[in-house]
Amino acid sequence: MLSGALEIAVRNERSIRRGRVIAIISCAILAISLPLSAQDEPTGDAAVAVSAAGGVELHVVDMPLADVLQLLSLESERNIVASPSVKGTVTADLYDVTFDEALHAILATNGAGFRTVGKFIYINTKEELEKLSVVKSEKSVTRVFHLNYIASKDAQGYITPLLDEGEEVSVSPEPSESLESEATDGGGQSYAGSDFIIVTASVATLDRIDKLIREVDIRPRQVLVEATILRAALTDQNSLGVDFSIVGGVDLEMLGAVSNGIQDITLGSLPQNRFEAMNAIATTDFISTLPDGGMTFGVIKDNVAVFLRALEQVTDTTVLANPKILAVNRQKGQVIVGRRDGFLTTTVTQTQSIQTVKFLETGTQLVFRPFIGNDGWVRVELHPEDSVGFVNAQGLPSEQTTEVTTNVMVRDNETILIGGLFREVTTDSRSQVPGLGNAPGIGQLFRANDETTSREEVIILLTIHIVKDQDRYADASREVWEDVERVRAGLRRGMLSVGRNRLAQTHFQKAIAARRAGDSDLALWHLDFALRNNGRLLPAIRMKEDILQKREWEDDGTAARSMIHKLIAQERGYPMSQFGRPDSLGIAPKDQQGGGDD
């Protein structure tokens, strides 16, 4: 049974081979019988086949090389580009070979080869490949360019147009995040070095790239923006009113009036024996429409009382804000001097309700972005604002603001007016008795006048300084810092002399004077007194260590510290005392100090 099956299999294999030979011969005869124009075209799919796994089977006889390459390109769906110098014919039978093996086999017999660049396969003669290999050897130089001020992604965009075919550039990773107000990500394993780019190219290309980077990777310029926001409000109020009363049938002397002052009459109880008499009163009450304050004049005579009140109020309020901030060219700068009031906002969807907290920022704010030119001018996008606001009991924010959003051109060191507002409101109110209030002469006795004038003026000034000498601004900043320290020290000196901090400072100064005089014992006494009042006075601690030639903070010897102390000493290879130091040794150099929390 087994031998019979083998004979059948051998017979089938021979039949298949004879069929393939007959098919090849038929293709050759058909090619010879075709006209010349038809022979220039590929002979069809029967000569070349590519399996799904990538295996190539090829059967051609004296077929032009260009036609074979075209069939391979079509069957394998690859981009093949042949040089005009590549010519020849192909006669081959290939079974289950890779694409690269088939391509190498049909090209080697015709003195050609191939190279792969990206998604393209280029076919060249051996002479052309040798020339390309020389050029490639010149391009194999790799150089790392470290960047100081520009980002690696930006540098890549500048460099890519300078690269020739086959040259490459790679960049360093970008930062994980930009700076935010709340740090929620520490960076982890993110790259912490400076930006760089790696370029593989010819020496000539690298020289061009180096020159370009030197021109673009330069220190950016800075500007100092100074905004002055002036808001002045003036309120002028004038009031005049008369309260005219007539009291009829009442003897004021018998009422026993109780009064806090003639301007505020409070009558006592009416005597019982006076009820049968005629009592009447008439009043205008114009004086009650005027605000409190000013001058009040009253007269009571017999049955007539007259009160006159006159008031003039002038309120002059001036708010001056002068924020300053230093910023790099083309970068956003923002300064806020004010407050943030939180309030809840609710977003309702079909499935849930989400509450978030937002903040109302009020006060003096300055937001800007400068664009520095080479001609001494600066274009600035800016938004100065001066506002006040609050959040009410219902959680609704309210804000009163003065702000400007604009884009302006400013010359260096010049000041311009970028916003101004002048507003005046005049209110004149009058209350009177109809008819009598308009009567000439006596009309003023039967009316009250209240005149109010409110004037508000807002001026915003902007000054731009291009920073040309960074050292000069650094020195100026240092001087301001020293002035702040002087103010702080002055405030301390102004405290009560019996306070702990004041006592510590006083005895520390006496310790300095005693040590300069050579009296170390007295200096130590003052230092102990100072440290009892302020145990964190670092200058006093250092001076005491220097006098005693030991560090007191080594004397708290716990078991864990002793073990760590020994391990450090063994690792560094020198003996180290456990706690304290003998007077003869003094204090060890900083790089050899151990056993503490350096």
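The questions and answers below concern this predicted model.

Student: At what angle do helix α10 and helix α11 pack?
Tutor: Two packed helices are described by the angle between their axes and the distance between the axes. For α10 (residues 520–533) and α11 (residues 538–548), the axes lie 10 Å apart. Their crossing is left-handed. The packing angle is about 145 degrees.

Student: How many residues of the contact of α10 with α11 are nonpolar?
Tutor: On the α10 side the contact is made by S520, A523, L524, L527, D528 and L531. From α11 come A540, I541, M543, K544, I547 and L548. Of these residues, 1 is polar and 2 are charged. The number of nonpolar residues is 9.

Student: Why are D210 and R214 separated by about one helical turn?
Tutor: D210 forms a salt bridge with R214, with 3.0 Å between the closest N and O atoms. Both residues belong to helix α7 (residues 203–216), and they are about one turn apart because their separation along the helix is 4 residues.

Student: Which strand holds L344 of the nonpolar surface patch?
Tutor: L344, V357 and F359 make a nonpolar surface patch of about 310 Å². L344 is placed within residues 333–348, which form strand β15.

Key:
Residues numbered from 1 in each chain as written. Predicted model: local features only at pLDDT ≥ 70, side-chain atom pairs only at ≥ 80, totals over all residues. Heavy atoms only, no water. Axes fitted to C-alpha atoms, helices over the stretch in contact; angles between N-to-C directions. Helix = DSSP H or I, 4+ residues; strand = E, 2+ residues; numbered from the N terminus. Left-handed = near helix turned anticlockwise from the far one by under 90°. Contact = heavy atoms within 4.5 Å. Nonpolar A, V, L, I, M, F, W, Y, C, P; charged D, E, K, R; others polar. Patch = residues over 30% accessible without salt bridge, like charges linked within 9 Å, V, L, I, M, F, W, Y side chains within 5 Å. Areas by Shrake-Rupley, 256 points an atom, 1.4 Å probe, with all protein chains shown as cover. Salt bridge = Lys/Arg side-chain N within 4 Å of Asp/Glu carboxyl O.
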